[in-house]
Amino acid sequence: MDVSGLLAYGVFFLTLAGIYAILTLGLNIQWGYAGMLNIGVGAFFSVGAYASTLATVAPNDAFVGGFNAPVIVGLLLAMALTGILAFFVGLITLPLRSDYLAIATIGIAEIVRLVLKNEAWLTNGVRGIAGIPKPLAGLLNSPWVMLTVVLLVLGLTYWASDRAYRAPWGRVLRAIREDEPATLAAGKNVVGFRLQGFVLGSMIMGVAGALYAHFVGFISPEAFQPEFTTFIVWVMLIAGGSGNTRGAILGAFVIWGIWSGTELITHVLPAAWVTRAGALRLLLIGVLLQVILRLRPEGLLPERPPHPNYRSSAPGQSSRTPE
Amino acid sequence: MFDFLQLIIYGIVLGCILALGAVGVSLTFGILGFANFAHGDLMTVGAYFGYIFIRQVGLPFWVSLPIACALTVAVALTVDWTVFRPLRSRPPVILLISSFGMALILRSLIQLIWGSDQLVYEQGIQQPWRWGELNIQPDQVIIIVGAIGLVTALHFFLQNTKVGKAMRAMADNVDLAKITGINTERVVMWTWILGALMAGAAGIFLGLDTQIAPTMGWRVLLLIFAATILGGIGNPYGAIAGGLVIGLASELSTLVISPAYKSAVAFAILVLMLIFKPTGLLGGR
(Lines give C-alpha, C1' and ligand atoms only; values in the text may rest on other atoms or scores of the structure.)
Protein backbone atom coordinates (compact mmCIF):
# COMPACT_ATOMS: atom_id res chain seq x y z
CA MET A 1 0.00 0.00 0.00
CA ASP A 2 1.48 3.37 -1.02
CA VAL A 3 1.47 6.49 1.09
CA SER A 4 -1.73 8.01 -0.28
CA GLY A 5 -3.55 4.71 0.17
CA LEU A 6 -2.31 4.47 3.72
CA LEU A 7 -3.40 8.05 4.37
CA ALA A 8 -6.85 7.39 2.92
CA TYR A 9 -7.19 4.31 5.13
CA GLY A 10 -6.08 6.36 8.12
CA VAL A 11 -8.78 8.96 7.48
CA PHE A 12 -11.38 6.22 7.01
CA PHE A 13 -10.28 4.49 10.22
CA LEU A 14 -10.25 7.67 12.29
CA THR A 15 -13.69 8.77 11.06
CA LEU A 16 -15.32 5.46 12.00
CA ALA A 17 -13.44 5.23 15.29
CA GLY A 18 -14.52 8.81 16.03
CA ILE A 19 -18.17 7.94 15.39
CA TYR A 20 -17.83 4.93 17.72
CA ALA A 21 -16.20 7.18 20.32
CA ILE A 22 -19.24 9.51 20.23
CA LEU A 23 -21.51 6.48 20.61
CA THR A 24 -19.43 5.23 23.54
CA LEU A 25 -19.62 8.65 25.21
CA GLY A 26 -23.42 8.43 24.97
CA LEU A 27 -23.42 5.02 26.64
CA ASN A 28 -20.92 6.32 29.20
CA ILE A 29 -23.46 8.87 30.45
CA GLN A 30 -26.09 6.14 30.84
CA TRP A 31 -23.99 3.29 32.22
CA GLY A 32 -20.77 4.95 33.33
CA TYR A 33 -22.36 7.85 35.21
CA ALA A 34 -25.77 6.59 36.27
CA GLY A 35 -25.54 2.78 36.07
CA MET A 36 -28.40 2.43 33.58
CA LEU A 37 -28.19 -0.73 31.46
CA ASN A 38 -29.02 0.07 27.86
CA ILE A 39 -28.75 -3.09 25.75
CA GLY A 40 -30.55 -1.33 22.89
CA VAL A 41 -27.86 1.17 21.86
CA GLY A 42 -28.45 0.12 18.26
CA ALA A 43 -32.07 1.34 18.42
CA PHE A 44 -31.05 4.93 19.14
CA PHE A 45 -28.14 4.72 16.73
CA SER A 46 -30.36 3.57 13.87
CA VAL A 47 -33.20 6.01 14.67
CA GLY A 48 -30.64 8.83 14.52
CA ALA A 49 -29.27 7.51 11.24
CA TYR A 50 -32.69 7.24 9.62
CA ALA A 51 -33.91 10.60 10.96
CA SER A 52 -30.98 12.49 9.49
CA THR A 53 -31.11 10.49 6.26
CA LEU A 54 -34.80 11.16 5.63
CA ALA A 55 -34.27 14.88 6.18
CA THR A 56 -31.26 15.26 3.93
CA VAL A 57 -31.68 12.94 0.93
CA ALA A 58 -33.16 14.15 -2.36
CA PRO A 59 -36.97 13.96 -2.74
CA ASN A 60 -38.24 10.70 -4.25
CA ASP A 61 -41.35 8.59 -4.82
CA ALA A 62 -40.32 5.44 -2.96
CA PHE A 63 -40.68 6.71 0.60
CA VAL A 64 -41.86 9.72 2.58
CA GLY A 65 -38.51 11.38 3.33
CA GLY A 66 -36.32 13.50 1.11
CA PHE A 67 -36.29 17.16 1.97
CA ASN A 68 -32.80 18.04 0.74
CA ALA A 69 -32.16 19.66 4.09
CA PRO A 70 -28.61 20.62 5.09
CA VAL A 71 -26.74 18.01 7.15
CA ILE A 72 -26.85 20.16 10.29
CA VAL A 73 -30.67 20.08 10.20
CA GLY A 74 -30.46 16.29 9.89
CA LEU A 75 -28.19 16.08 12.92
CA LEU A 76 -30.54 18.23 14.99
CA LEU A 77 -33.55 16.21 13.89
CA ALA A 78 -31.70 13.00 14.79
CA MET A 79 -31.07 14.38 18.28
CA ALA A 80 -34.67 15.48 18.70
CA LEU A 81 -36.20 12.18 17.57
CA THR A 82 -33.89 9.94 19.61
CA GLY A 83 -34.48 12.24 22.57
CA ILE A 84 -38.25 11.84 22.27
CA LEU A 85 -37.95 8.06 21.88
CA ALA A 86 -35.63 7.85 24.90
CA PHE A 87 -37.97 10.04 26.93
CA PHE A 88 -40.90 7.66 26.49
CA VAL A 89 -38.82 4.52 26.97
CA GLY A 90 -37.29 6.05 30.09
CA LEU A 91 -40.58 7.27 31.48
CA ILE A 92 -41.87 3.70 31.54
CA THR A 93 -38.77 1.77 32.55
CA LEU A 94 -36.54 4.04 34.63
CA PRO A 95 -38.58 3.80 37.84
CA LEU A 96 -37.95 0.05 37.65
CA ARG A 97 -34.88 -2.02 38.50
CA SER A 98 -31.87 -1.72 36.22
CA ASP A 99 -32.20 -5.26 34.85
CA TYR A 100 -35.76 -4.48 33.72
CA LEU A 101 -34.37 -1.52 31.80
CA ALA A 102 -31.94 -3.89 30.07
CA ILE A 103 -34.80 -6.17 29.02
CA ALA A 104 -36.99 -3.27 27.92
CA THR A 105 -34.21 -1.80 25.78
CA ILE A 106 -33.72 -5.02 23.81
CA GLY A 107 -37.48 -4.85 23.23
CA ILE A 108 -37.14 -1.32 21.86
CA ALA A 109 -34.25 -2.44 19.68
CA GLU A 110 -36.36 -5.29 18.30
CA ILE A 111 -39.33 -3.02 17.55
CA VAL A 112 -37.14 -0.39 15.88
CA ARG A 113 -35.61 -3.16 13.77
CA LEU A 114 -39.06 -4.45 12.78
CA VAL A 115 -40.31 -0.96 11.87
CA LEU A 116 -37.22 -0.19 9.77
CA LYS A 117 -37.63 -3.48 7.96
CA ASN A 118 -41.40 -3.49 7.40
CA GLU A 119 -42.50 0.13 7.01
CA ALA A 120 -41.21 0.61 3.49
CA TRP A 121 -43.24 3.80 2.98
CA LEU A 122 -41.05 5.45 5.59
CA THR A 123 -37.71 3.70 5.40
CA ASN A 124 -37.68 2.02 1.97
CA GLY A 125 -37.57 -1.30 3.87
CA VAL A 126 -34.83 -3.83 3.24
CA ARG A 127 -33.76 -2.09 0.03
CA GLY A 128 -32.23 0.66 2.14
CA ILE A 129 -31.55 4.26 1.24
CA ALA A 130 -28.61 5.36 -0.89
CA GLY A 131 -27.21 8.74 -1.86
CA ILE A 132 -27.06 10.21 1.63
CA PRO A 133 -25.20 13.54 1.27
CA LYS A 134 -21.95 14.30 3.07
CA PRO A 135 -21.62 17.49 5.12
CA LEU A 136 -20.63 20.56 3.04
CA ALA A 137 -20.56 18.36 -0.06
CA GLY A 138 -21.49 21.37 -2.21
CA LEU A 139 -18.44 23.32 -1.14
CA LEU A 140 -15.69 20.78 -0.75
CA ASN A 141 -15.91 17.07 -1.42
CA SER A 142 -13.13 15.47 0.56
CA PRO A 143 -12.98 12.70 3.19
CA TRP A 144 -11.15 15.20 5.39
CA VAL A 145 -14.34 17.26 5.75
CA MET A 146 -16.20 14.30 7.19
CA LEU A 147 -13.32 13.54 9.54
CA THR A 148 -13.21 17.15 10.70
CA VAL A 149 -16.96 17.19 11.37
CA VAL A 150 -16.76 13.91 13.32
CA LEU A 151 -13.80 15.08 15.39
CA LEU A 152 -15.55 18.40 16.03
CA VAL A 153 -18.69 16.66 17.30
CA LEU A 154 -16.52 14.27 19.32
CA GLY A 155 -14.62 17.16 20.89
CA LEU A 156 -17.82 18.98 21.73
CA THR A 157 -19.40 15.84 23.23
CA TYR A 158 -16.25 15.13 25.23
CA TRP A 159 -16.12 18.68 26.57
CA ALA A 160 -19.81 18.73 27.50
CA SER A 161 -19.91 15.30 29.11
CA ASP A 162 -16.68 15.87 31.03
CA ARG A 163 -18.11 19.11 32.43
CA ALA A 164 -21.40 17.39 33.23
CA TYR A 165 -19.46 14.69 35.06
CA ARG A 166 -17.73 17.23 37.32
CA ALA A 167 -20.87 19.30 37.81
CA PRO A 168 -23.34 18.70 40.65
CA TRP A 169 -25.56 17.06 38.03
CA GLY A 170 -22.97 14.33 37.41
CA ARG A 171 -22.45 13.93 41.12
CA VAL A 172 -26.16 13.18 41.59
CA LEU A 173 -26.05 10.58 38.81
CA ARG A 174 -23.04 8.90 40.44
CA ALA A 175 -24.79 9.01 43.79
CA ILE A 176 -27.83 7.27 42.26
CA ARG A 177 -25.53 4.63 40.80
CA GLU A 178 -23.77 3.98 44.10
CA ASP A 179 -26.67 4.24 46.53
CA GLU A 180 -30.14 4.95 45.28
CA PRO A 181 -32.00 5.00 48.64
CA ALA A 182 -29.45 7.43 50.11
CA THR A 183 -29.82 9.75 47.12
CA LEU A 184 -33.56 9.61 47.47
CA ALA A 185 -33.23 10.37 51.17
CA ALA A 186 -31.08 13.39 50.31
CA GLY A 187 -34.12 14.78 48.52
CA LYS A 188 -33.05 14.18 44.92
CA ASN A 189 -35.58 13.31 42.27
CA VAL A 190 -33.96 10.01 41.31
CA VAL A 191 -36.24 9.16 38.40
CA GLY A 192 -35.99 12.71 37.04
CA PHE A 193 -32.18 12.68 37.05
CA ARG A 194 -32.12 9.22 35.50
CA LEU A 195 -34.47 10.35 32.79
CA GLN A 196 -32.24 13.35 32.00
CA GLY A 197 -29.17 11.13 31.80
CA PHE A 198 -30.95 8.54 29.67
CA VAL A 199 -32.34 11.09 27.21
CA LEU A 200 -29.02 12.95 26.95
CA GLY A 201 -27.06 9.73 26.38
CA SER A 202 -29.53 8.56 23.75
CA MET A 203 -29.40 11.90 21.93
CA ILE A 204 -25.62 11.55 21.67
CA MET A 205 -26.15 8.05 20.25
CA GLY A 206 -28.59 9.56 17.75
CA VAL A 207 -25.98 12.07 16.56
CA ALA A 208 -23.47 9.25 16.18
CA GLY A 209 -26.01 7.36 14.06
CA ALA A 210 -26.62 10.42 11.87
CA LEU A 211 -22.87 10.92 11.34
CA TYR A 212 -22.53 7.24 10.47
CA ALA A 213 -25.26 7.54 7.82
CA HIS A 214 -23.63 10.61 6.25
CA PHE A 215 -20.24 8.92 6.34
CA VAL A 216 -21.17 5.62 4.67
CA GLY A 217 -23.78 7.16 2.35
CA PHE A 218 -26.04 4.09 2.34
CA ILE A 219 -28.14 2.61 5.14
CA SER A 220 -30.45 -0.40 5.40
CA PRO A 221 -31.82 -2.36 8.37
CA GLU A 222 -29.03 -4.90 7.81
CA ALA A 223 -26.43 -2.22 8.58
CA PHE A 224 -27.55 -2.08 12.21
CA GLN A 225 -26.83 -5.57 13.53
CA PRO A 226 -26.76 -5.54 17.34
CA GLU A 227 -23.23 -6.97 17.27
CA PHE A 228 -21.84 -3.79 15.73
CA THR A 229 -24.17 -1.17 17.15
CA THR A 230 -24.65 -2.38 20.71
CA PHE A 231 -22.26 -5.12 21.68
CA ILE A 232 -19.01 -3.62 20.43
CA VAL A 233 -19.93 -0.29 22.06
CA TRP A 234 -20.30 -2.00 25.41
CA VAL A 235 -16.90 -3.67 24.99
CA MET A 236 -15.40 -0.27 24.09
CA LEU A 237 -16.82 1.38 27.20
CA ILE A 238 -15.85 -1.40 29.59
CA ALA A 239 -12.39 -1.78 28.07
CA GLY A 240 -11.75 1.96 28.20
CA GLY A 241 -13.14 2.46 31.68
CA SER A 242 -16.80 3.14 32.32
CA GLY A 243 -17.38 6.48 34.00
CA ASN A 244 -14.19 7.97 32.57
CA THR A 245 -14.84 10.21 29.56
CA ARG A 246 -11.27 9.89 28.29
CA GLY A 247 -11.43 6.16 28.91
CA ALA A 248 -14.56 5.88 26.79
CA ILE A 249 -12.81 7.55 23.85
CA LEU A 250 -9.62 5.54 24.34
CA GLY A 251 -11.67 2.32 24.55
CA ALA A 252 -13.45 3.15 21.30
CA PHE A 253 -10.18 3.72 19.43
CA VAL A 254 -8.41 0.69 20.95
CA ILE A 255 -11.26 -1.76 20.35
CA TRP A 256 -11.88 -0.39 16.86
CA GLY A 257 -8.15 -0.79 16.24
CA ILE A 258 -8.28 -4.42 17.41
CA TRP A 259 -11.40 -5.03 15.34
CA SER A 260 -9.82 -3.56 12.21
CA GLY A 261 -6.54 -5.31 12.96
CA THR A 262 -8.18 -8.73 13.12
CA GLU A 263 -9.42 -8.12 9.61
CA LEU A 264 -5.81 -8.33 8.45
CA ILE A 265 -5.36 -11.68 10.23
CA THR A 266 -8.36 -13.16 8.49
CA HIS A 267 -6.70 -12.46 5.13
CA VAL A 268 -4.08 -15.12 5.85
CA LEU A 269 -6.67 -17.79 6.70
CA PRO A 270 -7.41 -20.51 4.11
CA ALA A 271 -10.06 -19.56 1.57
CA ALA A 272 -12.68 -21.92 3.03
CA TRP A 273 -12.51 -19.99 6.28
CA VAL A 274 -12.98 -16.53 4.87
CA THR A 275 -16.76 -16.65 5.19
CA ARG A 276 -16.44 -17.65 8.81
CA ALA A 277 -13.80 -15.06 9.60
CA GLY A 278 -16.45 -12.57 10.78
CA ALA A 279 -17.64 -15.06 13.38
CA LEU A 280 -14.07 -15.66 14.51
CA ARG A 281 -13.48 -11.92 14.96
CA LEU A 282 -16.67 -11.51 16.99
CA LEU A 283 -15.65 -14.49 19.08
CA LEU A 284 -12.35 -12.77 19.89
CA ILE A 285 -14.14 -9.57 20.93
CA GLY A 286 -16.54 -11.61 23.11
CA VAL A 287 -13.65 -13.41 24.80
CA LEU A 288 -11.87 -10.07 25.24
CA LEU A 289 -14.91 -8.72 27.13
CA GLN A 290 -14.86 -11.71 29.51
CA VAL A 291 -11.12 -11.28 30.11
CA ILE A 292 -11.53 -7.56 30.85
CA LEU A 293 -14.48 -8.18 33.19
CA ARG A 294 -12.41 -10.70 35.10
CA LEU A 295 -8.96 -9.15 35.14
CA ARG A 296 -9.44 -5.40 34.81
CA PRO A 297 -13.09 -4.53 35.40
CA GLU A 298 -12.26 -0.84 35.88
CA GLY A 299 -10.89 -0.60 32.33
CA LEU A 300 -7.75 0.97 30.87
CA LEU A 301 -8.43 4.37 32.46
CA PRO A 302 -10.33 3.80 35.71
CA GLU A 303 -12.95 6.29 36.77
CA ARG A 304 -11.60 9.20 38.82
CA PRO A 305 -14.41 11.17 40.40
CA PRO A 306 -13.31 14.66 41.43
CA HIS A 307 -12.26 14.73 45.07
CA PRO A 308 -14.59 16.91 47.16
CA ASN A 309 -11.71 19.33 48.00
CA TYR A 310 -9.64 18.67 44.95
CA ARG A 311 -8.87 22.36 44.42
CA SER A 312 -7.20 22.72 47.79
CA SER A 313 -5.41 19.36 47.96
CA ALA A 314 -1.94 18.85 46.53
CA PRO A 315 -1.71 17.44 42.99
CA GLY A 316 -1.69 13.66 42.91
CA GLN A 317 -3.72 13.32 46.06
CA SER A 318 -7.02 13.58 44.27
CA SER A 319 -7.35 9.83 44.16
CA ARG A 320 -10.48 7.80 43.93
CA THR A 321 -13.03 8.57 46.62
CA PRO A 322 -13.84 5.61 48.81
CA GLU A 323 -16.98 3.81 47.78
CA MET B 1 -63.49 -19.78 13.58
CA PHE B 2 -61.15 -22.37 12.09
CA ASP B 3 -58.52 -19.68 11.69
CA PHE B 4 -58.90 -18.99 15.38
CA LEU B 5 -58.56 -22.66 16.40
CA GLN B 6 -55.62 -23.12 14.04
CA LEU B 7 -53.87 -20.14 15.61
CA ILE B 8 -54.59 -21.60 19.06
CA ILE B 9 -52.68 -24.73 18.01
CA TYR B 10 -49.75 -22.66 16.74
CA GLY B 11 -49.90 -20.58 19.91
CA ILE B 12 -49.74 -23.64 22.16
CA VAL B 13 -46.78 -25.02 20.20
CA LEU B 14 -44.88 -21.72 20.46
CA GLY B 15 -46.02 -21.43 24.08
CA CYS B 16 -44.53 -24.84 24.94
CA ILE B 17 -41.17 -23.80 23.48
CA LEU B 18 -41.21 -20.47 25.31
CA ALA B 19 -42.29 -22.14 28.57
CA LEU B 20 -39.30 -24.50 28.47
CA GLY B 21 -36.97 -21.58 27.79
CA ALA B 22 -38.53 -19.36 30.44
CA VAL B 23 -38.13 -21.94 33.24
CA GLY B 24 -34.36 -21.63 33.00
CA VAL B 25 -34.37 -17.84 32.78
CA SER B 26 -36.75 -17.57 35.73
CA LEU B 27 -34.70 -19.89 37.93
CA THR B 28 -31.34 -18.24 37.17
CA PHE B 29 -32.93 -14.81 37.58
CA GLY B 30 -34.40 -15.79 40.95
CA ILE B 31 -31.41 -17.70 42.32
CA LEU B 32 -28.38 -15.88 40.84
CA GLY B 33 -30.09 -12.51 40.54
CA PHE B 34 -29.34 -11.67 36.92
CA ALA B 35 -31.22 -11.77 33.64
CA ASN B 36 -29.26 -14.31 31.61
CA PHE B 37 -28.94 -12.86 28.11
CA ALA B 38 -27.10 -16.00 26.98
CA HIS B 39 -30.11 -18.26 27.56
CA GLY B 40 -31.49 -17.85 24.04
CA ASP B 41 -28.14 -18.83 22.59
CA LEU B 42 -27.97 -21.81 24.94
CA MET B 43 -31.18 -22.94 23.22
CA THR B 44 -29.41 -22.53 19.88
CA VAL B 45 -26.56 -24.70 21.18
CA GLY B 46 -29.11 -27.40 22.06
CA ALA B 47 -30.65 -27.20 18.61
CA TYR B 48 -27.26 -27.70 16.92
CA PHE B 49 -26.35 -30.61 19.22
CA GLY B 50 -29.67 -32.10 18.14
CA TYR B 51 -28.63 -31.54 14.52
CA ILE B 52 -25.41 -33.50 15.07
CA PHE B 53 -27.22 -36.57 16.39
CA ILE B 54 -30.34 -36.47 14.25
CA ARG B 55 -28.78 -35.55 10.90
CA GLN B 56 -25.05 -36.11 11.08
CA VAL B 57 -25.02 -39.31 13.19
CA GLY B 58 -28.51 -40.43 12.21
CA LEU B 59 -29.92 -41.50 15.56
CA PRO B 60 -33.69 -41.56 16.15
CA PHE B 61 -35.23 -38.33 17.46
CA TRP B 62 -36.14 -39.57 20.94
CA VAL B 63 -32.59 -40.89 21.43
CA SER B 64 -30.94 -37.71 20.14
CA LEU B 65 -33.03 -35.43 22.33
CA PRO B 66 -31.67 -36.57 25.72
CA ILE B 67 -28.07 -36.74 24.41
CA ALA B 68 -28.31 -33.20 23.01
CA CYS B 69 -29.87 -31.93 26.24
CA ALA B 70 -27.11 -33.56 28.31
CA LEU B 71 -24.46 -31.88 26.15
CA THR B 72 -26.26 -28.53 26.53
CA VAL B 73 -26.08 -29.02 30.30
CA ALA B 74 -22.34 -29.67 29.96
CA VAL B 75 -21.93 -26.40 28.03
CA ALA B 76 -23.95 -24.46 30.63
CA LEU B 77 -21.92 -25.87 33.53
CA THR B 78 -18.64 -25.14 31.73
CA VAL B 79 -19.76 -21.55 31.11
CA ASP B 80 -20.79 -21.19 34.73
CA TRP B 81 -17.50 -22.54 36.06
CA THR B 82 -15.24 -20.59 33.76
CA VAL B 83 -17.12 -17.30 33.33
CA PHE B 84 -20.00 -16.70 35.73
CA ARG B 85 -18.75 -18.19 38.98
CA PRO B 86 -15.70 -15.92 39.32
CA LEU B 87 -17.98 -12.90 38.80
CA ARG B 88 -20.62 -13.98 41.30
CA SER B 89 -19.16 -11.93 44.16
CA ARG B 90 -19.60 -8.77 42.09
CA PRO B 91 -22.85 -6.84 41.50
CA PRO B 92 -25.37 -8.90 39.48
CA VAL B 93 -25.36 -6.35 36.63
CA ILE B 94 -21.78 -7.39 35.86
CA LEU B 95 -23.09 -10.93 35.38
CA LEU B 96 -25.76 -9.54 33.06
CA ILE B 97 -23.14 -7.79 30.91
CA SER B 98 -20.99 -10.89 30.97
CA SER B 99 -23.94 -13.04 29.85
CA PHE B 100 -24.55 -10.61 26.99
CA GLY B 101 -20.96 -11.24 25.90
CA MET B 102 -21.41 -14.98 26.44
CA ALA B 103 -24.43 -14.93 24.12
CA LEU B 104 -22.24 -13.56 21.36
CA ILE B 105 -19.45 -16.07 22.08
CA LEU B 106 -21.85 -19.02 21.79
CA ARG B 107 -23.40 -17.59 18.61
CA SER B 108 -20.05 -16.98 16.92
CA LEU B 109 -18.82 -20.45 17.88
CA ILE B 110 -21.90 -21.95 16.24
CA GLN B 111 -21.36 -19.85 13.12
CA LEU B 112 -17.73 -20.89 13.09
CA ILE B 113 -18.57 -24.60 13.22
CA TRP B 114 -21.77 -24.85 11.16
CA GLY B 115 -21.81 -21.61 9.16
CA SER B 116 -24.78 -19.26 8.96
CA ASP B 117 -27.00 -21.30 6.65
CA GLN B 118 -30.42 -22.41 7.82
CA LEU B 119 -30.65 -26.13 8.51
CA VAL B 120 -33.51 -28.57 9.11
CA TYR B 121 -33.81 -31.84 11.04
CA GLU B 122 -35.77 -33.53 8.28
CA GLN B 123 -35.82 -32.87 4.57
CA GLY B 124 -39.09 -32.60 2.70
CA ILE B 125 -42.58 -31.54 3.63
CA GLN B 126 -44.47 -33.42 6.32
CA GLN B 127 -48.02 -34.55 5.68
CA PRO B 128 -50.16 -32.80 8.30
CA TRP B 129 -52.95 -34.61 10.14
CA ARG B 130 -56.30 -33.14 9.28
CA TRP B 131 -59.30 -32.63 11.49
CA GLY B 132 -61.91 -31.06 9.32
CA GLU B 133 -60.17 -27.85 8.32
CA LEU B 134 -57.65 -27.96 11.16
CA ASN B 135 -54.08 -28.95 10.39
CA ILE B 136 -51.64 -30.33 12.88
CA GLN B 137 -48.11 -31.36 11.98
CA PRO B 138 -46.57 -34.49 13.54
CA ASP B 139 -43.69 -32.24 14.66
CA GLN B 140 -46.12 -30.06 16.58
CA VAL B 141 -47.45 -33.13 18.40
CA ILE B 142 -43.86 -34.10 19.28
CA ILE B 143 -43.27 -30.62 20.70
CA ILE B 144 -46.43 -30.62 22.82
CA VAL B 145 -45.90 -34.17 24.11
CA GLY B 146 -42.22 -33.48 24.82
CA ALA B 147 -42.99 -30.25 26.66
CA ILE B 148 -45.70 -31.87 28.79
CA GLY B 149 -43.30 -34.71 29.68
CA LEU B 150 -40.49 -32.33 30.67
CA VAL B 151 -42.74 -30.04 32.68
CA THR B 152 -44.20 -33.02 34.57
CA ALA B 153 -40.70 -34.27 35.35
CA LEU B 154 -39.73 -30.77 36.48
CA HIS B 155 -42.76 -30.63 38.74
CA PHE B 156 -41.84 -33.89 40.49
CA PHE B 157 -38.24 -32.75 40.82
CA LEU B 158 -39.19 -29.43 42.40
CA GLN B 159 -41.81 -30.90 44.72
CA ASN B 160 -40.26 -34.17 45.84
CA THR B 161 -36.48 -33.89 45.89
CA LYS B 162 -34.46 -32.08 48.51
CA VAL B 163 -32.57 -30.07 45.88
CA GLY B 164 -35.84 -29.13 44.21
CA LYS B 165 -37.28 -27.79 47.43
CA ALA B 166 -34.07 -25.92 48.22
CA MET B 167 -34.17 -24.44 44.74
CA ARG B 168 -37.69 -23.12 45.19
CA ALA B 169 -36.73 -21.72 48.57
CA MET B 170 -33.72 -19.91 47.10
CA ALA B 171 -35.67 -18.57 44.15
CA ASP B 172 -38.21 -17.23 46.61
CA ASN B 173 -35.80 -15.60 49.06
CA VAL B 174 -32.05 -16.11 48.76
CA ASP B 175 -31.09 -14.71 52.16
CA LEU B 176 -33.73 -16.63 54.07
CA ALA B 177 -32.76 -19.83 52.30
CA LYS B 178 -29.08 -19.36 53.13
CA ILE B 179 -29.90 -18.95 56.83
CA THR B 180 -31.54 -22.37 56.88
CA GLY B 181 -28.23 -23.88 55.79
CA ILE B 182 -28.93 -24.67 52.16
CA ASN B 183 -25.84 -25.63 50.17
CA THR B 184 -25.81 -22.68 47.78
CA GLU B 185 -23.27 -24.02 45.29
CA ARG B 186 -25.18 -27.27 44.93
CA VAL B 187 -28.43 -25.43 44.27
CA VAL B 188 -26.71 -23.16 41.74
CA MET B 189 -25.33 -26.20 39.94
CA TRP B 190 -28.75 -27.82 39.79
CA THR B 191 -30.26 -24.56 38.58
CA TRP B 192 -27.93 -24.61 35.58
CA ILE B 193 -28.60 -28.33 35.01
CA LEU B 194 -32.38 -27.88 34.99
CA GLY B 195 -32.30 -24.61 33.06
CA ALA B 196 -29.96 -25.94 30.38
CA LEU B 197 -31.86 -29.22 30.08
CA MET B 198 -35.05 -27.31 29.36
CA ALA B 199 -33.19 -24.86 27.10
CA GLY B 200 -31.68 -27.67 25.05
CA ALA B 201 -35.09 -29.26 24.53
CA ALA B 202 -36.63 -25.86 23.76
CA GLY B 203 -33.94 -25.25 21.15
CA ILE B 204 -34.54 -28.59 19.44
CA PHE B 205 -38.31 -28.03 19.49
CA LEU B 206 -37.83 -24.55 18.06
CA GLY B 207 -35.66 -26.07 15.34
CA LEU B 208 -38.42 -28.63 14.61
CA ASP B 209 -41.07 -25.93 14.48
CA THR B 210 -39.09 -23.53 12.29
CA GLN B 211 -35.48 -23.91 11.16
CA ILE B 212 -32.08 -24.19 12.77
CA ALA B 213 -30.06 -20.97 12.45
CA PRO B 214 -27.39 -19.28 14.57
CA THR B 215 -29.71 -16.40 15.54
CA MET B 216 -32.78 -18.55 16.34
CA GLY B 217 -32.32 -18.36 20.12
CA TRP B 218 -31.48 -14.67 20.25
CA ARG B 219 -34.63 -13.93 18.25
CA VAL B 220 -36.91 -15.56 20.85
CA LEU B 221 -35.04 -14.21 23.88
CA LEU B 222 -37.34 -11.20 24.14
CA LEU B 223 -40.41 -13.48 24.15
CA ILE B 224 -38.78 -15.61 26.86
CA PHE B 225 -38.04 -12.58 29.03
CA ALA B 226 -41.64 -11.46 28.57
CA ALA B 227 -42.84 -14.91 29.68
CA THR B 228 -40.51 -14.85 32.68
CA ILE B 229 -41.68 -11.45 33.89
CA LEU B 230 -45.31 -12.30 33.19
CA GLY B 231 -45.03 -15.39 35.37
CA GLY B 232 -43.06 -13.68 38.11
CA ILE B 233 -39.28 -13.94 38.41
CA GLY B 234 -38.12 -17.00 40.32
CA ASN B 235 -41.42 -18.81 39.89
CA PRO B 236 -40.95 -21.76 37.49
CA TYR B 237 -44.69 -22.49 37.34
CA GLY B 238 -45.34 -18.85 36.51
CA ALA B 239 -42.74 -19.08 33.75
CA ILE B 240 -44.60 -22.01 32.18
CA ALA B 241 -47.92 -20.16 32.33
CA GLY B 242 -46.23 -17.00 31.05
CA GLY B 243 -44.76 -18.90 28.12
CA LEU B 244 -48.16 -20.22 27.10
CA VAL B 245 -49.78 -16.79 27.42
CA ILE B 246 -47.05 -15.10 25.35
CA GLY B 247 -47.15 -17.90 22.75
CA LEU B 248 -50.92 -17.67 22.37
CA ALA B 249 -50.95 -13.87 22.42
CA SER B 250 -48.32 -13.53 19.70
CA GLU B 251 -50.01 -16.06 17.40
CA LEU B 252 -53.54 -14.73 17.97
CA SER B 253 -52.35 -11.17 17.41
CA THR B 254 -51.88 -12.04 13.73
CA LEU B 255 -55.68 -11.92 13.41
CA VAL B 256 -55.54 -8.16 13.98
CA ILE B 257 -52.05 -6.93 13.14
CA SER B 258 -49.36 -7.76 10.61
CA PRO B 259 -47.53 -11.02 11.44
CA ALA B 260 -44.27 -9.06 11.10
CA TYR B 261 -45.01 -7.47 14.45
CA LYS B 262 -45.63 -10.68 16.40
CA SER B 263 -42.77 -10.07 18.81
CA ALA B 264 -43.95 -6.50 19.37
CA VAL B 265 -47.07 -7.95 21.03
CA ALA B 266 -44.93 -9.80 23.54
CA PHE B 267 -43.09 -6.57 24.18
CA ALA B 268 -46.34 -4.68 24.74
CA ILE B 269 -47.43 -7.30 27.30
CA LEU B 270 -44.00 -7.05 28.92
CA VAL B 271 -44.23 -3.26 29.22
CA LEU B 272 -47.78 -3.38 30.61
CA MET B 273 -46.69 -5.93 33.19
CA LEU B 274 -43.69 -3.84 34.19
CA ILE B 275 -45.92 -0.82 34.72
CA PHE B 276 -48.86 -2.39 36.48
CA LYS B 277 -47.67 -5.60 38.10
CA PRO B 278 -43.89 -6.10 38.01
CA THR B 279 -44.16 -9.07 40.37
CA GLY B 280 -45.90 -11.14 37.71
CA LEU B 281 -49.28 -12.79 37.47
CA LEU B 282 -48.56 -15.74 39.73
CA GLY B 283 -46.37 -13.83 42.15
CA GLY B 284 -42.62 -13.69 42.24
CA ARG B 285 -40.07 -10.98 42.67
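**Close-up views of a predicted model**

View 1. A:N124 sits in the loop between α5 (120–123) and α6 (143–166) of chain A. Its backbone stands out too: phi of A:N124 is near 65°, a positive value in a residue other than glycine. Most residues other than glycine have a negative phi.

View 2. The loop shown here runs between α2 (41–56) and α3 (71–93) of chain A, and A:N68 lies in it. Phi of A:N68 is near 55°. That value is positive, and the residue is not glycine. Is A:N68 buried or exposed? A:N68 has 11 C-beta neighbours inside 10 Å, so it counts as exposed. The cut-off for exposed is 12 or fewer.

**View 3. Chain B where it touches chain A.** Here 32 residues of chain B are in contact with 32 residues of chain A. Which elements of chain B give two or more residues to this side? They are α3 (61–87), α4 (92–114), α9 (216–231) and α11 (262–276) of chain B. The largest share comes from α4(B), with 13 residues.

**View 4. Residue types on the side of chain B that touches chain A.** Nonpolar residues number 25 on this side. Seven residues are polar. No charged residue is found on this side of chain B.

Technical notes: Residues numbered from 1 in each chain as written. Chains lettered and ligands numbered in written order. Predicted model: local features only at pLDDT ≥ 70, side-chain atom pairs only at ≥ 80, totals over all residues. Contact = placed C-beta atoms within 7 Å. Helix = DSSP H or I, 4+ residues; strand = E, 2+ residues; numbered from the N terminus. Nonpolar A, V, L, I, M, F, W, Y, C, P; charged D, E, K, R; others polar. Buried ≥ 20, exposed ≤ 12 C-beta atoms within 10 Å, placed from the backbone.
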